[in-house]
There are 2 protein chains.
Amino acid sequence: MRTDYCGNISKDHVGQEVTLCGWVNRRRDLGGLIFIDLRDREGMVQVVYDPDLPDVLEIANTLRAEFCVQVTGKVNARPESQINADMKTGEIEILGTDLKILSKAAPLPLDSNQENSEEQRLKYRYIDLRRPVMSERLQFRAKVTSAVRRYLDDNGFLDIETPILTKATPEGARDYLVPSRTHKGEFFALPQSPQLFKQLLMMSGLDRYYQITKCFRDEDLRADRQPEFTQIDLETSFLDADGVMAITEDMIRTVFKSLLNVELGDFPRMSYAEAMQRYGSDKPDLRNPLELVDVADILKDVDFKVFAGPANDPKGRIAAIRVPGGASLSRKQIDEYTKFVGIYGAKGLAWVKVNDKAAGLDGLQSPILKFLPEAEVNGLLDRTGAETGDILLFGADNYTVVTEAMGALRLKLGEDLELLEGDWKPLWVVDFPMFEEIDGQLHALHHPFTAARDITAEQLEADPLNALSNAYDMVLNGCELGGGSVRIHEPEMQSAVFRILGISDEEARVKFGFLLDALKYGPPPHAGLAFGLDRMVMLMTGADSIRDVMAFPKTTTAACPLTDAPGEANPEQLKELAIEIIKKANDA
Amino acid sequence: MRTDYCGNISKDHVGQEVTLCGWVNRRRDLGGLIFIDLRDREGMVQVVYDPDLPDVLEIANTLRAEFCVQVTGKVNARPESQINADMKTGEIEILGTDLKILSKAAPLPLDSNQENSEEQRLKYRYIDLRRPVMSERLQFRAKVTSAVRRYLDDNGFLDIETPILTKATPEGARDYLVPSRTHKGEFFALPQSPQLFKQLLMMSGLDRYYQITKCFRDEDLRADRQPEFTQIDLETSFLDADGVMAITEDMIRTVFKSLLNVELGDFPRMSYAEAMQRYGSDKPDLRNPLELVDVADILKDVDFKVFAGPANDPKGRIAAIRVPGGASLSRKQIDEYTKFVGIYGAKGLAWVKVNDKAAGLDGLQSPILKFLPEAEVNGLLDRTGAETGDILLFGADNYTVVTEAMGALRLKLGEDLELLEGDWKPLWVVDFPMFEEIDGQLHALHHPFTAARDITAEQLEADPLNALSNAYDMVLNGCELGGGSVRIHEPEMQSAVFRILGISDEEARVKFGFLLDALKYGPPPHAGLAFGLDRMVMLMTGADSIRDVMAFPKTTTAACPLTDAPGEANPEQLKELAIEIIKKANDA
């Protein structure tokens with residue numbers, strides 16, 4: 001039905017007859033001529049109808065926005081004066097010789113000249129996706145998956161599908177449940193990730209696995225959350241952490257180079273401890289030059305209680321952020337930042353402005369200056385490297401509050417004051433603790449199948465809180481792009497981790513017996529990683545919302561057919577299901 | 001941890017030191033030497049340990065089957081006499097210089113020397129998948145998806161994900177339902193296919209879509225059915241049926257050429273009517289040379305009621321199959337075939353053996369000969385082309401029974417008598433009827449979004465049963481590999497089809513209002529197709545069961561952890577769900 005895409009017509013076609021199909025983006029009538037901007041997936045081209053062909057002109061005269069048409073015509077070079085440099089096809093236009101209306105369009109329910117509500121956009125998703133910016137994002141997403149697949153295919157990874165309908169287990173509190181009709185009263189669960197399946201594939205000797213697959217979490221909808229999301233999931237045998245990091249780093253480098261022409265270079269590595277210390281985050285945005293500087297040791301002997309308390313508390317922390325040029329911040333701005341850190345539990349935000357460093361104490365301005373001896377003040381200036389024009393901001397509290405509050409403040413300052421440097425700053429964060437303690441209970445920082453670093457099962461059980469895991473997160477511009485780990489492949493170590501997590505040997509057998517069994521039959525050392533595809537595409541396209549990089553996202557409104565949240569079920573099936581569930585609930 | 005895969009070591013490596021990781025497939029002790037067959041995904045290689053390195057020999061001495069090990073050694077050419085031509089690596093062996101046990105294996109629960117029950121195989125899937133035949137099938141499947149994706153990527157198709165959690169609609173009787181926690185009492189449904197989503201993507205102007213995606217059907221488990229199965233799904237705008245057939249035929253040809261080195265050539269086309277007439281099937285296996293030959297016109301005037309009835313009934317049919325060499329069939333065999341056609345409702349199976357054609361009637365043998373005049377008998381011999389040594393088998397009943405019974409008999413004879421010719425016989429079946437009548441109600445032969453051929457909505461409503469659809473099925477060796485159609489893109493035509501199917505305009509608005517709306521805003525002409533990936537891989541690998549081409553199939557037994565049918569749900573969630581469903585059921 002066509003010879004080419006609209007967006008691909010160029011000076012090379014001048015003199016040729018082409019046939020194009022697409023949508024009327026705009027029609028203008030000028031001096032007896034009719035100009036049509038014809039749009040398809042690849043772009044836009046201008047078609048002109050003139051009175052020499054009155055029959056065709058008459059059809060052109062009936063065209064309205066979004067009519068779907070087939071156009072035949074001759075490609076002409078535009079005169080120099082009419083070249084449109086903003087348009088890919090701006091050097092040519094098509095003199096229309098034929099025109100067929102393939103389908104008409106009623107006036108659109110979305111207004112192309114103004115912002116439409118997201119509800120309207122989702123209700124008429126098929127129209128919203130015609131906007132070039134939306135179409136381009138979906139096209140870009142397809143290019144990302146294609147590039148990722150080619151890389152992995154070429155590096156010995158096998159695309160292997162794992163089930164969507166998996167076995168429901170009683171602990172799966174956030175799983176979606178799917179009632180089975182064949183096994184009445186029983187349920188499938190939708191997977192939160194294919195983690196255990198891919199580990200089993202390694203035990204099957206399949207060596208290198210990948211899958212771009214949907215994962216599910218029965219959570220509330222938020223701007224950046226969808227109940228189904230897509231993961232680039234991979235697993236390898238006989239590779240250690242360095243090996244997995246090397247190959248996945250190269251994959252991301254290759255994708256960025258081929259799709260954005262960006263050279264990411266080698267990714268630096270940073271320990272979790274250093275990331276928390278210097279950036280107050282386990283996914284630091286390295287484009288932001290601000291850092292948290294620890295100063296508690298300088299302030300141990302001051303009388304000022306706000307500092308003296310945390311400085312002498314082993315669980316306390318005092319961190320300063322030096323903001324270059326920040327001396328110009330107004331009192332009102334400082335008050336707002338004080339309110340901001342309050343969200344994270346900080347009781348205040350001490351500050352010192354360096355108006356004139358050469359003037360010594362007289363050149364400083366601060367409500368807390370009167371509480372601090374000169375030596376300590378000089379110590380702070382030295383440690384932070386403060387210069388004339390800077391401000392120092394201080395957090396003093398327990399470790400968690402200071403780290404979180406000052407980490408968040410660092411990000412906010414970086415954005416507000418436009419301090420970000422460079423476009424893309426990737427890094428690896430490594431050396432995570434195996435466990436964290438929440439309300440006296442130990443939790444796995446990654447997941448319970450993560451291997452510990454250089455330690456026996458006995459040593460791990462003796463001192464779990466000081467053990468480091470063999471996990472690694474790939475972080476880009478403050479976002480966790482992917483995360484993974486070396487997995488446990490010794491049954492003793494796996495049992496030890498379960499016990500540390502408060503899962504008894506008996507409980508572990510019930511819940512994870514198949515895994516403990518599998519580890520008895522010659523499991524290979526294995527390691528892997530999972531990337532969030534939606535987030536990767538958001539980052540690479542600059543989209544603001546995860547919904548803008550998905551064709552049919554879920555919404556919280558019930559108004560949007562198909563593209564939308566759940567609906568009414570078949571009443572008969574519902575009744576049958578209710579009966580089965582009541583039976584089951586009575587049994588339980 | 002390794003320098004290469006076991007299966008890739010060849011004469012090119014002779015003299016080199018290699019390090020390999022894999023599983024002990026077999027250990028043999030011979031004259032003080034220990035021989036290990038070391039296996040990984042790519043194949044097997046022989047490693048020899050000798051007494052020159054007693055420490056290493058001692059470790060080798062502890063190896064048992066399925067230990068996972070790391071081996072270092074020197075690649076040696078085998079002496080001429082020891083070359084194993086059956087083994088890819090049979091020209092070399094590795095003289096082991098180092099050996100590390102990565103993990104031990106308890107005696108395996110699956111016996112490698114005998115057939116294991118499928119239940120055992122699924123329970124210990126991670127061990128069953130180590131068998132080269134299973135591993136190779138999964139590797140082949142990954143190659144198929146990779147080849148398909150490359151073809152489609154290179155031909156302008158965009159890989160676009162559609163939702164797994166879709167809107168439940170009351171008519172979705174065979175859908176899996178997923179209770180939503182956020183929208184209490186409401187349900188998602190798992191898609192039986194992304195049909196409507198992909199049509200919406202065409203209306204979005206995305207032009208060419210594909211996806212390799214899971215589809216779901218809440219049905220009983222059978223040998224060739226899984227509740228989740230994988231579809232290669234594609235849709236195009238501005239291509240007609242010929243265009244879609246051309247590009248998908250080329251895709252399949254490319255895949256067969258690159259993976260099996262098979263040239264499929266151009267696919268012939270056959271109308272549905274011809275396929276039913278000549279083969280009694282809408283997916284004829286063209287490797288089978290037998291055909292159904294209509295002979296009712298010859299038998300209109302005979303007295304024999306078995307023939308005279310159907311011959312004079314406009315809804316009757318009499319079809320003969322000539323089986324070359326079939327005169328040697330025993331009475332017992334014929335009785336069995338008579339029983340076989342009984343499954344399809346045939347009340348008998350008339351037959352005529354041609355023992356000696358030159359001898360005229362005397363050379364024939366048949367219980368029905370006495371009822372038939374000589375002219376009619378000669379007519380049958382002429383029409384069927386029967387020769388000495390052949391048998392003619394007759395079905396005479398109503399059209400449906402004869403077509404189904406003789407179609408099935410044709411397949412059975414082809415298999416039993418090993419008549420199949422050639423390895424791969426693809427074709428397109430086209431010109432399907434739009435509707436079929438079942439119990440006085442019209443049903444869509446494909447689906448209600450399929451366009452009719454060369455007909456207006458008015459004409460279609462006037463005579464729906466004689467309308468042909470613009471649908472096409474790709475058939476290979478008697479299997480439907482894929483099916484598709486041009487879709488309706490006019491709202492009037494879509495409404496007409498709904499009415500013909502007994503869906504009132506009001507009901508259509510409730511159920512398909514979003515589609516009828518979408519068709520108002522300049523929908524492009526569009527067409528598509530879907531392939532069953534599982535079946536394609538089964539065909540190409542020669543696997544007998546769909547379960548043998550999936551990593552983790554479902555089973556009907558409850559014994560197999562993870563790989564298996566549903567399990568117990570979280571009791572608390574269950575309780576909550578029950579309450580919501582009861583509420584909802586009460587409301588309904």
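This is a guided tour of a predicted two-chain model, stop by stop.

**Before you start**

Residues are numbered from 1 along each chain as its sequence is written, and chains are lettered from A, with ligands numbered from 1, in the order in which they are written. Since the model is predicted, local features need pLDDT of at least 70 and side-chain atom pairs count only at pLDDT 80 or more, while totals for chains, interfaces and linings use all residues; side-chain values use heavy atoms, with hydrogens and water left out.

**Stop 1: the whole complex**

Colour by pLDDT, the predictor's confidence in each residue, from 0 to 100. The complex has an ipTM of 0.93 and a pTM of 0.94 from the predictor. Select chain A. Its mean pLDDT is 92, and 92% of its residues reach 70 or more. Now go to residues 558-565 of chain A. There pLDDT stays under 50. The model still has 34 contacts for this stretch beyond four places in sequence; a contact means heavy atoms within 4.5 Å. Where pLDDT is low, predicted coordinates should not be read in detail.

**Stop 2: the build of chain A**

Show chain A as a cartoon. It has 16 helices and 23 strands. These are DSSP runs, numbered from the N terminus: helices are H or I with at least four residues, strands E with at least two. The C-alpha atoms fill a box of roughly 95 × 75 × 45 Å along the principal axes. Of the 588 residues in chain A, 57% are buried. Buried means under 20% relative accessible area, exposed over 50%, and partly exposed in between (1.4 Å probe, protein chains only). Among contacts in chain A with a separation of 6 or more, 68% join residues 24 or more positions apart.

**Stop 3: the largest cavity**

Rolling a probe the size of a water molecule over the atoms shows where empty space is left. Here a cavity is a set of points, on a 1 Å grid over the protein atoms alone, where a 1.4 Å probe fits but cannot get out; lining residues have an atom within 4 Å of a point. Grid points are joined across faces, edges and corners, and a volume is the space filled by probe spheres set on the points.

The structure holds 15 cavities of 30 Å³ or more. Select A:I212, A:T213, B:R149, B:I212 and B:T213, the closest to its centre among the 25 lining residues. Then show α4 (132-154) and β10 (208-216) in both chain A and chain B; these are the elements that give two or more residues to the lining. The lining divides into six nonpolar, nine polar and 10 charged residues. In this count, Ala, Val, Leu, Ile, Met, Phe, Trp, Tyr, Cys and Pro are nonpolar, Asp, Glu, Lys and Arg are charged, and the others, Gly among them, are polar.

**Stop 4: a two-sided helix in chain B**

Select helix α1, residues 54-61 of chain B. B:V56, B:L57 and B:A60 are buried. Look down the axis of α1(B): its buried residues fall within an arc of 100°, so they line one face of the helix. The arc is that of the directions from the helix axis to the C-beta atoms. On the other side, B:D55 and B:E58 are exposed. The cover over the buried residues of α1(B) includes β1 (17-30), β2 (33-40), β3 (43-49) and β5 (92-103) of chain B.

**Stop 5: helix α8 of chain A**

Go to residues 305-312 of chain A. A:F307, A:A308, A:P310 and A:A311 are buried in this helix. The buried residues of α8(A) pack against β14 (316-323), β15 (350-354) and β17 (391-398) of chain A.

**Stop 6: two buried leucines**

Select A:L190, in the loop between β9 (187-189) and α5 (195-203) of chain A. A:L190 counts as buried at 0% relative accessibility. What does A:L190 touch, not counting residues up to four places away in sequence? The list is A:I164, A:L165, A:T166, A:D175, A:Y176, A:V178, A:F216, B:L165 and B:V178.

Next, pick B:L516 in helix α14 (505-518) of chain B. B:L516 is buried, with a relative accessible area of 10%. Its C-alpha atom is 5.7 Å from that of B:P491, 25 residues apart along the chain.

**Stop 7: two positive phi angles**

Most residues other than glycine have a negative phi. A:D431 has a positive phi, near 55°. A:D431 sits in the loop between β18 (426-430) and β19 (435-438) of chain A. At 23% relative accessibility, A:D431 is partly exposed.

Finish at B:D454, where phi is positive and near 50°. B:D454 lies in the loop between β20 (441-444) and α12 (457-462) of chain B. At 72% relative accessibility, B:D454 is exposed.

Methods: 1 Å grid on protein atoms, 1.4 Å probe; cavity = no way out; pocket = protein on both sides within 12 Å on 5 of 7 lines; lining within 4 Å.
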